[in-house]
Amino acid sequence: MSFINYAAREINCKLVYYGPGLGGKTTNLQQIYARIDPRSKGKLISLATKTERTLFFDFLPLDLGTVRGFKTRFHLYTVPGQVFYDASRKLILKGADGVVFVADSQVERMEANLESLENLESNLAEQGQGLDGMPHVMQYNKRDLLNIVSLPDLQAALNTRNAAWCEACAPKGIGVFETLKAAAKLVLIDLKKKVGG
Ligand SMILES: Nc1nc2c(ncn2[C@@H]2O[C@H](COP(=O)(O)OP(=O)(O)OP(=O)(O)O)[C@@H](O)[C@H]2O)c(=O)[nH]1
Ligand SMILES: [Mg+2]
C-alpha cells in the first residue's frame with residue numbers, strides 16, 4: 001500500500017525481501033547499501049541475533065528518481081527466513097507493494113525454497129492478497145556455488161507464474177541491482193495502474 005505524500009511530493013513504496021533462511025536477503029540489502037549514493041539513502045537498521053541471522057528487519061529508505069514530479073522512495077525490508085519467525089514475517093509483509101523472493105540455488109535448499117514460497121503465499125492470502133496480484137521478482141542467488149540446481153529446474157519449481165527473474169551472487173553484488181531495478185519498475189507500473197494512469 002504505497003503512501004503518497006502530496007505535500008512533500010513523494011511516493012513511498014515498500015519492497016520486501018522474502019525467502020528461506022540463509023538465502024542471502026540481508027546480503028542483498030547490505031550490498032545495495034554499500035554501493036548506493038550516500039545522498040540518496042537513509043540509515044540501514046539491522047536487528048540480528050548473536051549469530052548474525054536476521055531477527056526482525058532491515059530497513060533502507062532509498063530514493064530511485066522521480067515519477068511525474070513525485071520523488072519515489074523505496075523502503076526495503078528483509079524478513080527473517082527461519083521457519084519459526086512467521087509472526088515477524090507476517091508483520092513485515094503487511095502493506096508490501098512488491099516482493100523479491102531470494103531463492104537459494106543449492107540443491108539441498110530446494111525444499112526450504114518451496115516451503116518459504118508456500119509460506120509467502122499463505123501469508124499473502126491471510127491479508128487478502130495473492131502472489132499473482134503482487135509485483136514480484138525471483139532472484140536465484142548463490143550461483144557461484146558448486147552443487148546448484150539448473151536454471152530451467154529452478155524456473156519450473158519456483159517460477160510457475162513466469163515472474164521476472166534474475167541470477168545472483170549477492171556478496172559480490174552480482175544481480176543485486178538488476179533485481180532491485182526490476183522489482184522497483186514493477187512496483188511503479190502497478191502504482192500507476194492503481195492511481196489511474
Ligand atoms: N557463496 C555465496 N554465499 C552467499 C551468497 N549470498 C549470501 N551468501 C552467504 O550466505 C549467508 C547467509 O546470508 P544472509 O544474507 O544473512 O541470509 P538471509 O537470507 O538474510 O538469512 P536469514 O536472515 O536467516 O533469513 C552469509 O554468510 C552470506 O555471506 C551467494 O550468492 N554466494
Ligand atoms: Mg537476514
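Asn 162 counts as exposed, at 64% relative accessibility (buried means under 20% relative accessible area, exposed over 50%, and partly exposed in between, with a 1.4 Å probe and protein chains only). This is a predicted model, in which local features need pLDDT of at least 70, side-chain atom pairs count only at pLDDT 80 or more, and totals for chains, interfaces and linings use all residues. Residues are numbered from 1 along each chain as its sequence is written, and side-chain values use heavy atoms, with hydrogens and water left out.

Asn 162 sits in the loop between H4 and strand E8 (164-167); helices (H or I, at least four residues) and strands (E, at least two) are DSSP runs, numbered from the N terminus. Although Asn 162 is not a glycine, its phi is positive, about 60°. Most residues other than glycine have a negative phi. Leu 22, also not a glycine, has a positive phi of about 65°. Leu 22 belongs to the loop between E2 and helix H1 (25-35), and at 56% relative accessibility it counts as exposed.

Helix H3 comes next. Buried residues of H3 include Met 110, Ser 116, Leu 117, Leu 120 and Leu 124. The buried residues of H3 pack against strand E2 (10-18), helix H2 (86-93), strand E6 (98-104), strand E7 (136-141) and helix H4 (151-158), where contact means heavy atoms within 4.5 Å. After H3 comes Gly 128, with a positive phi near 75°.

Strand E6 deserves a look of its own. Seven of its seven residues are buried, so E6 is largely enclosed by the rest of the structure. Both faces are covered: Gly 98, Val 100, Val 102 and Asp 104 are buried on one side, and Val 99, Phe 101 and Ala 103 on the other. E6 pairs with E2 in the parallel sense over four bridges; two strands pair if DSSP finds at least two bridges between them. Here Tyr 18 stands opposite Phe 101 in E6. E6 and E7 also run parallel, joined by six bridges, and the bridge partner of Asp 104 in E7 is Asn 141.

Finally, Ile 45 lies in strand E3 (residues 45-48) and is partly exposed, with a relative accessible area of 37%.

Conventions:
Chains lettered and ligands numbered in written order.
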